[in-house]
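Please open the model in a viewer and keep the selection tool at hand.

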Amino acid sequence: MNDLQTTIHENQDEKLVFLIRQGNSVAFGHLVERHQPYIIRIVSRFLFCEEDSREVVQDTFIRIWKHLDDYDGHCRFTTWIYTIAFNLCLDKTKALKRRREDRIPLNYETRADAQVEIMDQITNPDHVLLGNMIRSLALKLSKVQRLVFVLRDIQDLPVEEVCQITGFDAGKVKSNLYYARKYIREKLEKGGYL
């Protein structure tokens, strides 16, 4: 997205936020439509479980609805909602760790069910296999490493925005990203994928 597109996008969010604060529930529906696909993608890429992802996406929009008055414009609106989504992802992983349940992994081949657009432009089966392998290896990263890896390398957010979303300084983001990339690269090389 270029600067002009970003500005237009942010202005539309500001208008919707204004209308929602005035009690316009239709505007909230438009806000959900605008951001739900992207929230679904980032949450699904972090949790890797369809059921958990749906729950976190729903909780994200409930939290946005309840706390919209807390948004003070100190950061971009998208950064604010992505922060909410990732905090809920972290809460979910903590809860899952406590329960130790076997979860059904998100099936990336059924895009309609998960509404996840993984590797849209890649048609080469080898690239799809590599992408699946990377996502599988990302599950084995620590929470912090997975968080910065998903935001920076999979979602392609700039380091500054990753810092805003996570609350980490740039050094922590970069060092965790370094170790995440190193781990994944080593495993891929060991498996003969690189």
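A disulfide is a pair of cysteine sulfur atoms within 2.5 Å. A search of the whole structure on that criterion returns 0 disulfides. The model is predicted, so local features need pLDDT of at least 70 and side-chain atom pairs count only at pLDDT 80 or more, while totals for chains, interfaces and linings use all residues. Residues are numbered from 1 along each chain as its sequence is written, and side-chain values use heavy atoms, with hydrogens and water left out.

Select cysteine 75 and cysteine 163. Buried denotes under 20% relative accessible area, exposed over 50%, and partly exposed in between (1.4 Å probe, protein chains only). Cysteine 75 is buried at a relative accessible area of 12%, and cysteine 163 is buried at 16%.

Next, display helices α8 (residues 159-166) and α9 (residues 170-190). Helices are DSSP runs (H or I, at least four residues), strands likewise (E, at least two), numbered from the N terminus. The axes of α8 and α9 come within 9 Å and cross at roughly 105°; axes are lines fitted to C-alpha atoms, for helices over the stretch in contact, with angles from 0 to 180 degrees between N-to-C directions. The two helices are therefore roughly perpendicular (65 to 115 degrees; under 35 is roughly parallel, over 145 roughly antiparallel, the rest oblique). On the α8 side, select Val159, Val162, Cys163 and Thr166; on the α9 side, Ala170, Val173 and Lys174 make the contact (heavy atoms within 4.5 Å).

Remain on α8 and select glutamate 161, which lies in this helix. Is glutamate 161 buried or exposed? Its relative accessible area is 5%, hence buried. Beyond residues up to four places away in sequence, glutamate 161 touches Arg76, Thr78, Thr79 and Tyr82.

Now turn to the largest nonpolar core, which has 51 residues. Such a core is a set of buried Ala, Val, Leu, Ile, Met, Phe, Trp, Tyr and Cys residues joined through side-chain atoms within 4.5 Å. Ile39, Val43, Phe46, Ile64, Phe77, Trp80 and Phe86 have the most contacts inside it. Elements giving two or more residues include α1 (3-21), α4 (77-99), α8 and α9; α2 gives the most, with 11 residues.

Neighbours within four places in sequence aside, phenylalanine 86 contacts Ile42, Phe46, Leu147, Val150, Leu151 and Ile165.

Finally, select α7, whose buried residues include Gln145, Arg146, Leu147 and Phe149. Aspartate 156 follows α7 and has a positive phi, near 60°.
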